[in-house]
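This briefing is intended for a reader who has the sequence and the coordinates at hand. Please consult both while reading the points below.

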Amino acid sequence: MSSPGVNGDPKPPCLPRNGLVKLPGQPNGLGTASITKGTPAAKNRPCQPLPPPTLPPPSLAAQMPRAALAGGLCPPAGLPLGGTASAPVPGPPVERPPLATDEKILNGLFWYFSACEKCVLAQVCKAWRRVLYQPKFWVGLTPVLHAKELYNVLPGGEKEFVNLQGFAARGFEGFCLVGVSDLDICEFIDNYALSKKGVKAMSLKRSTITDAGLEVMLEQMQGVVRLELSGCNDFTEAGLWSSLSARITSLSVSDCINVADDAIAAISQLLPNLAELSLQAYHVTDTALAYFTARQGHSTHTLRLLSCWEITNHGVVNVVHSLPNLTVLSLSGCSKVTDDGVELVAENLRKLRSLDLSWCPRITDMALEYVACDLHRLEELVLDRCRTSG
């Protein structure tokens, strides 16, 4: 019911009150709405549906892209509405290899592993092996191959030399062969692709190599400049005379029973470019050290005389006069050297940086005084098992 008016008449339903007009309820269920006087009605009708988009004329609609007709984005600026240029179509996404096989990542990661761990990791997959078989990961390492590891036994009982392509791919410049014979060395030379020029260092330990085998090895392997013979008792001093080459700059001979003074004569005369000599021979005497000449004096900087029991102070005299440029000297196990011999060393070998007097029981505190007074460049002094006394 409507409320009565001032004069008893019913109140009009749309009478303004404080500038507002109350609309009757709409049948569409949108409820009532209030409209501010003087405000356009379109701003206060959020629930009404939007008008349909205005379509361009048929002539223009044929030239506009379908996305624009559907209310999509406008054409890029700078292009006419009727142009034929279309937006660039993105190419297929660039596919990167998984992290586990990404060579850039693996090249940095594998530096953190030891040599033994790299050997295991190279067996994981071909991608890892391809990265790990780069020579840069194996610089300074020397493979050790025993005689029994050089052959594969075939089903018929015959032996076949192993494939050394994996070593060639890693570019090893040195090998240590243990327990090999002349035949094994010949097989190694024939089957290793880098043996003729690429191998720079060879080490033979506890092997039965003879004079003939040593001669063939150094003749065929023209790249060898560092040679080590340890525990090889079948070659003689005659083998050294026939096989040593002037290209050798480093030689180590130890525990070879046929090495004596004449071997030192061969070394001193055949190796003018020798820079390092390590010798462990129980039968070498002072006479052998007199074979060194001025040729070695300019090139030889390292001399190690290990357990040379027959060497005395007279042999030390020959050393200091023939090899004045020594920077490393070891008299370890030369039990007949005394304080006088150390005095000769200190007074004449002023360039020494390393001196090993271990297992020299005849030196005393006086020897240390000579060292302290004259060897001002010395960086290393070894006195292990020296029974010094005042």
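The points that follow are grouped by topic, from the overall architecture to individual residues.

The model is predicted. The protein chain has 390 residues, of which 35% are buried, and contains 15 helices and 14 strands. Five salt bridges are present, whereas the disulfide count is zero.

**Overall architecture**

- Among contacts in the protein chain with a separation of 6 or more, 71% involve residues 24 or more positions apart.
- The accessible surface of the protein chain amounts to about 23300 Å², and 57% of this area comes from carbon and sulfur atoms.

**Nonpolar core**

- In soluble globular proteins, nonpolar side chains tend to be buried together.
- The largest nonpolar core in this model comprises 86 residues.
- The core members that touch the most other members are F175, F188, M202, L204, M217, L305 and L329.
- One of these, L305, touches L279, L289, I311, S330, L331, S332 and C334, with residues up to four places away in sequence left out of the list.

**Cysteines**

- No disulfide is counted in the model. For C232, the nearest cysteine sulfur belongs to C256 and lies 5.2 Å away; because a disulfide requires sulfur atoms within 2.5 Å, C232 is in no disulfide.
- C232 is classed as buried because its relative accessibility is 1%.
- C360 is likewise buried, with a relative accessibility of 1%.

**Salt bridges**

- R130 and E103 form a salt bridge through their side chains, with an N to O distance of 3.0 Å. R130 belongs to helix α5 (residues 126-132) and E103 to helix α3, so this pair ties together parts that are 27 residues apart in sequence. E103 is partly exposed, at a relative accessible area of 36%.
- A second salt bridge joins the side chains of E310 and K336, at 3.5 Å from N to O. This pair links distant parts of the chain, 26 residues apart: E310 is in the loop between β11 (302-305) and α13 (313-322), and K336 is in the loop between β12 (328-330) and α14 (339-348). Both residues are partly exposed: E310 has a relative accessibility of 36%, and K336 has one of 32%.
- D374 and R350 also form a salt bridge, and their closest N and O atoms are 3.9 Å apart. Here too the pair links distant parts of the chain, 24 residues apart, with D374 in helix α15 (residues 365-374) and R350 in the loop between α14 and β13 (354-356). R350 is partly exposed, with a relative accessible area of 42%.

**Surface patch**

- A nonpolar patch on the surface is formed by L99, I105, L109, W111 and Y112, which together have about 590 Å² of accessible area.
- Within this patch, Y112 occupies the loop between α3 (103-109) and α4 (115-121).
- Y112 counts as exposed because its relative accessibility is 71%, and the cut-off for exposed is over 50%.

- L381 is part of strand β14, which spans residues 380-382.
- With residues up to four places away in sequence not counted, L381 touches L355, L357, L368 and V371.
- The C-alpha atoms of L381 and D356 are 5.8 Å apart in space, although the two residues are 25 residues apart in sequence.
- L381 is partly exposed, with a relative accessibility of 35%.

**Backbone features**

- R206 is not a glycine, yet it has a positive phi of about 50 degrees. R206 is located in the loop between β7 (201-205) and α8 (211-220). At a relative accessible area of 56%, R206 is exposed.
- W359, also a residue other than glycine, has a positive phi near 60 degrees. W359 is found in the loop between β13 and α15. With 48% relative accessibility, W359 is partly exposed.

Definitions and conventions: Residues numbered from 1 in each chain as written. Predicted model: local features only at pLDDT ≥ 70, side-chain atom pairs only at ≥ 80, totals over all residues. Heavy atoms only, no water. Helix = DSSP H or I, 4+ residues; strand = E, 2+ residues; numbered from the N terminus. Buried < 20%, exposed > 50% of the residue type's maximum accessible area, 1.4 Å probe, protein only. Contact = heavy atoms within 4.5 Å. Patch = residues over 30% accessible without salt bridge, like charges linked within 9 Å, V, L, I, M, F, W, Y side chains within 5 Å. Areas by Shrake-Rupley, 256 points an atom, 1.4 Å probe, with all protein chains shown as cover. Salt bridge = Lys/Arg side-chain N within 4 Å of Asp/Glu carboxyl O. Core = buried A, V, L, I, M, F, W, Y, C linked by side-chain atoms within 4.5 Å.
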